[in-house]
Amino acid sequence: MASQMKKQPSLDALNPFMPGAGMRPPELVGRDADIENVDRMVARTKLGNLNQGIIFSGLRGIEKTVLLLTLQDASSRQGIVTARLEAKGDIGTDWDMLFHELALATARVKSLRLRRKLASALAGIDSVRFSFLGIGAGVKLSDEERRRTNPFRLELMVESLSRELAKANTGLFLFVDELQEMDDEPLGALISLQHKMGQEGLPFYIIGAGLPNLPGVLSRSRSYAERLFEYRTIGQLPDSDTAEGFQKPARANGRPFADDALDELVEVSHGYPYFVQAYGKAAWNASDSNPTLLEAVRAGEPEARRELDEGLYASRWQRAKTSGREYLTAMAKSTATSPVIRLPSQPKWESGPRRCQ
């Protein structure tokens with residue numbers, strides 16, 4: 001009889017915390033204003049009013065990718081046609097992904113009538129593109145010729161889709177992660193395209209995310225990018241949101257944190273979402289009581305730091321040049337209590353400074 005009983009999941013299997021690149025946390029906290037901002041953008045689009053695009057910038061591990069995914073889901077649920085990609089920095093790959101994701105977005109439209117109209121709008125783009133360049137529609141283009149046509153093809157594609165979507169009281173939102181990595185040519189074409197679509201009153205908007213240097217990258221590509229987008233910095237969570245990010249999923253899974261344990265977690269995580277996941281996971285796994293006590297949090301801290309070293313810092317340290325490592329070392333020494341800079345220890349990676357505690 002006992003052998004036929006369903007095996008209960010272990011507490012480790014129930015652990016709600018899991019750090020990872022772009023992995024959605026059990027509770028997205030502290031981003032309500034950003035979600036509400038995009039909700040307003042959706043409402044304006046449906047009314048035929050113009051918007052700015054939005055650019056999110058911040059450090060790695062601050063939940064930019066998760067925010068983009070959340071905003072895309074929310075926009076799609078409200079009837080906006082959305083496409084999403086991660087820029088790679090290779091010109092061919094970035095162009096291919098743009099066309100692929102835009103085409104895929106139209107194929108996912110739920111309304112059969114609208115989907116057919118969008119498909120019809122896209123059907124003649126290749127032949128129009130060829131004729132525009134004085135090349136017969138049946139002629140196969142070389143890679144270089146095809147690359148030169150990409151900006152025209154993208155413009156025709158986005159303009160055709162946007163016109164049809166405007167008639168249906170909706171629009172096209174393009175979500176781009178790691179936007180600072182995009183090759184200069186497709187990046188410049190996208191910025192110019194949003195500018196032109198805005199001048200023509202067509203509902204096409206870029207919602208991008210990237211590192212803190214992203215606003216500068218965009219303005220260097222096209223100076224008017226400063227006025228095309230609303231720029232929002234994604235930073236550390238306040239203590240109240242950090243505490244909620246720990247406690248709400250822990251309580252939902254039947255094992256909340258004691259008050260002093262929660263205070264310690266808020267202190268060591270410094271409001272960084274990736275750190276919340278790493279420290280939450282380690283404390284949960286180290287706990288053998290309900291609620292999770294301060295002792296478990298402290299017992300799990302070395303494991304959390306190890307995971308942060310390997311998942312967040314090691315590869316960057318290895319890629320850094322000598323001058324970069326010297327700069328990181330100086331930063332670590334000057335911010336010894338900050339979790340942002342934590343260099344890998346000498347035994348595991350190439351020789352270098354030990355982690356500053």
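The accessible surface of the protein chain comes to about 17,900 Å² (Shrake-Rupley method, 1.4 Å probe), and carbon and sulfur atoms hold 50% of that surface. The model is a predicted one, in which local features need pLDDT of at least 70, side-chain atom pairs count only at pLDDT 80 or more, and totals for chains, interfaces and linings use all residues. Residues are numbered from 1 along each chain as its sequence is written, and side-chain values use heavy atoms, without hydrogens and water.

Begin with the whole protein chain. The chain holds 14 helices and 5 strands, which are DSSP runs (helices H or I, at least four residues; strands E, at least two), numbered from the N terminus.

Next, select the strands. They form an open sheet of 5 strands in the order β2-β3-β4-β1-β5, with parallel pairing; two strands pair if DSSP finds at least two bridges between them. Strands β2 (81-86) and β5 (229-233) stand at the edges with a single partner strand each, so one side of each has no neighbour in the sheet.

Now select β2 together with β3 (residues 172-177), which pair in the parallel sense over 6 bridges. Within this pair, R84 has F175 in β3 as its bridge partner.

Finally, select helix α3 (residues 91-107), which lies across β2 and β3.

Note on methods. Contact = heavy atoms within 4.5 Å. Axes fitted to C-alpha atoms, helices over the stretch in contact; angles between N-to-C directions.
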